[in-house]
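Let's take a walk through a protein together. Have a look at the picture and get your bearings before reading on.

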Amino acid sequence: MQTPQLALWRSEFGNAYTDRNDRERPERIAAWRRILDGIDTVRTLEVGCNVGWNLAYLARIGLTDLYGIEPQAGAVARARQRGPGFGILQGTAFDLPFRDGYFDLVFTSGVLIHIAPDTIDMALDEMYRVARRWIIAIEYDAPTEQEIPYRGHRGALWKRDHGALWQRRHPDLRSVRRIELGEESGYDDCTCHVLEKTR
């Protein structure tokens with residue numbers, strides 16, 4: 001599947017994003033400990049892993065069976081180099097090449113914001129399908145959906161209540177916790193939603 005947003009991220013614009021953000025944020029290690037407190041996960045997938053920093057932080061806190069999927073070829077190469085033991089695949093949220101319930105945890109970090117309103121349900125359904133129990137969304141939130149101009153581009157970023165979005169699409173999801181993540185945690189005013197499948 002191709003969308004205008006995927007085309008943008010696979011262009012030089014996406015390469016520039018990768019170059020700009022390929023840096024360590026050690027504060028995120030403590031943030032991930034907070035996020036995963038009380039959550040038992042063995043196999044984990046990050047959808048939109050870019051160069052693999054989140055997976056590296058998870059490895060540092062003891063997670064071992066880590067996978068990522070990423071549409072941008074250059075970022076995939078860097079992620080594989082960063083974590084040779086990670087299962088990094090090139091692909092998109094719209095077609096995850098895994099069986100139902102394959103992962104204990106599926107998460108995004110700054111990815112859902114870049115999926116357009118007319119296609120986001122497809123992405124949510126795929127992530128829900130491959131998640132056995134836990135779903136985490138770390139995104140820019142707003143009470144109502146609003147498109148935000150992003151580095152000179154329209155149709156590239158939407159703020160919304162991502163926890164509510166998930167629960168509207170899949171009502172069996174239970175909100176376990178909501179954490180605000182700021183600069184002290186290595187994030188840029190993001191909201192983390194931790195959700196659990198109840199069926």
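Which residues are buried in helix 6 (residues 120–130)? They are I120, A123, L124, E126, M127, Y128 and V130, where buried means under 20% relative accessible area, with exposed over 50% and partly exposed in between (1.4 Å probe, protein chains only). Before going further, keep in mind that this is a predicted model, where local features need pLDDT of at least 70 and side-chain atom pairs count only at pLDDT 80 or more, while totals for chains, interfaces and linings use all residues. Residues are numbered from 1 along each chain as its sequence is written, and side-chain values use heavy atoms, with hydrogens and water left out.

So what covers those buried residues of helix 6? The cover includes strand 1, strand 4, strand 5, helix 7 (162–169), strand 8 and strand 9. Contact here means heavy atoms within 4.5 Å, and helices (H or I, at least four residues) and strands (E, at least two) are DSSP runs, numbered from the N terminus. In the loop between strand 4 and helix 6 you'll find T119. T119 is buried too, with a relative accessible area of 11%, and it touches M1, T3 and F94, not counting residues up to four places away in sequence.

E139, for instance, has T191 in strand 9 as its bridge partner.

Why is helix 4 largely enclosed by the rest of the structure? Because six of its eight residues are buried: W53, N54, L55, A56, Y57 and L58. Just after helix 4, G62 takes a positive phi of about 110°.

Key:
Two strands pair if DSSP finds at least two bridges between them.
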